[in-house]
Amino acid sequence: MGLYHDRGVVLRTYKLGEADRIVVFLTRGHGKVRAVAKGVRKTKSRFGGRLEPTSHVDLLFYEGRGDLDIVSQAESVDHFRPLRDDLDRLGRAIAMLEAADQLSMEREVNARLYEMLVGALRTLAHQDAPMVVPGFLLKALALEGFRPQVESCVVCESEGPLVSWAMEEGGLRCTTHRLGPALTAEAVVVLQDMLGGRLAAALNEHRGPVVSEVDHLVVRAFEHHVERRLRSVSALHRT
Ligand SMILES: [Zn+2]
């Protein structure tokens, strides 16, 4: 059996047998990896608490025969302690882990998604900024090639005012071509900041109702994209 080293974030875990767990990682060099952590549920496990969702770890794997490898060693890179100690922040971190899980494929390298996830977890651990999750989802969509058009109307290219988000067409629409859920002018500015390289401004400058407005819209756009992708994948398998 071959050994390999990588670095990854624990996306989720599930129980296996009496004392083991299957751990799903998003790694830098091997994409999504599913591996067995033997004895991890024993109180004196050599892995300690290092293989919990959000953990960022240096890993040594044994290659398994099927699609399951075996975790041989795990050393902590980041604890992200503030995420574990705050249920609200942990919930939001887990939303990002789930999104990364949905977008990543087993054994398909996606170093950029890995880096974006680590960056977003680090930001959320250092500051309780409400826009971290929508910012991550939006940038993850853009990485997939589904960057919503937020600078001008998807129909006429007019710069505004932009008043609604047409999910099917992947972008905003002006007053004349209004279609899809409405959005406020402030939400438009936030989306433009997030996708225009001004994520820090989006994270720090906006508070109040616009936060949940943007969060809601971005989650909806993300779900729309994932559903469409699942449909196209299953259509592919039928042919
Ligand atoms: Zn228009």
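**Exercise 1. A serine in a loop**

In which loop is the place of S104? Find its burial and its side-chain contact too.

*Solution.* Before starting, note that this is a predicted model, in which local features need pLDDT of at least 70 and side-chain atom pairs count only at pLDDT 80 or more, while totals for chains, interfaces and linings use all residues. Residues are numbered from 1 along each chain as its sequence is written, and side-chain values use heavy atoms, with hydrogens and water left out.

- Step 1: S104 sits in the loop between α2 (87-103) and α3 (111-126). Helices (H or I, at least four residues) and strands (E, at least two) are DSSP runs, numbered from the N terminus.
- Step 2: S104 has 5% relative accessibility and so counts as buried. Buried means under 20% relative accessible area, exposed over 50%, and partly exposed in between (1.4 Å probe, protein chains only).
- Step 3: The S104 side chain reaches the backbone oxygen of A100 at 2.8 Å.
- Step 4: R107 lies in the loop between α2 and α3 as well. R107 is partly exposed, at 41% relative accessible area, and its phi is positive, near 65 degrees, in a residue other than glycine.

**Exercise 2. Checking a helix**

*Solution.* 

- Step 1: The expected span of a helix is 1.5 Å times one less than its number of residues. For the twelve residues of α4 this gives 16 Å, and the end C-alpha atoms are 16 Å apart, which agrees.
- Step 2: The buried residues of α4 are V132, V133, P134, G135, F136, L137, L138, A140 and L141. That is nine of the twelve, so α4 is largely enclosed by the rest of the structure.
- Step 3: After α4 comes G145, with a positive phi near 95 degrees.

**Exercise 3. The zinc site**

Which atoms coordinate the zinc ion, and what arrangement do they make?

*Solution.* 

- Step 1: Donors are N, O and S atoms within 2.8 Å of the metal (3.2 Å for Na, K and Ca); water is not among the atoms, so sites may look incomplete. Here the zinc ion is coordinated by C153 (SG), C156 (SG), C174 (SG) and H177 (ND1), at 2.1 to 2.3 Å.
- Step 2: The angles between the four donor atoms run from 93 to 116 degrees, which makes the arrangement tetrahedral. Four donors count as tetrahedral if all angles lie between 85 and 135 degrees. The ideal angle for four tetrahedral donors is 109.5 degrees.
- Step 3: Along the chain, the donors of the zinc ion follow the spacing C-x2-C-x17-C-x2-H. C153 lies in the loop between α4 (132-143) and β6, and C174 in strand β7, so the pair ties together parts that are 21 residues apart in sequence.
- Step 4: C153 is buried at 0% relative accessible area, and C174 is buried at 4%.

**Exercise 4. Around the hairpin**

How many bridges join strand β6 to strand β7?

*Solution.* 

- Step 1: Four bridges join β6 (residues 162-166) to β7 (residues 171-174), and the two strands run antiparallel. Two strands pair if DSSP finds at least two bridges between them.
- Step 2: L162 stands opposite C174 in β7.
- Step 3: The hairpin has four residues between the strands, and G170 takes a positive phi near 65 degrees there.
- Step 4: P161 is in the loop between α4 and β6, and the peptide bond from G160 to P161 is cis, with omega near 5 degrees.

Note on methods. Tetrahedral: all angles 85-135°; square planar, octahedral: opposite > 155°, others 65-115°. Polar contact = N/O pair within 3.5 Å; in protein donor to acceptor, adjacent residues only side chain to side chain.
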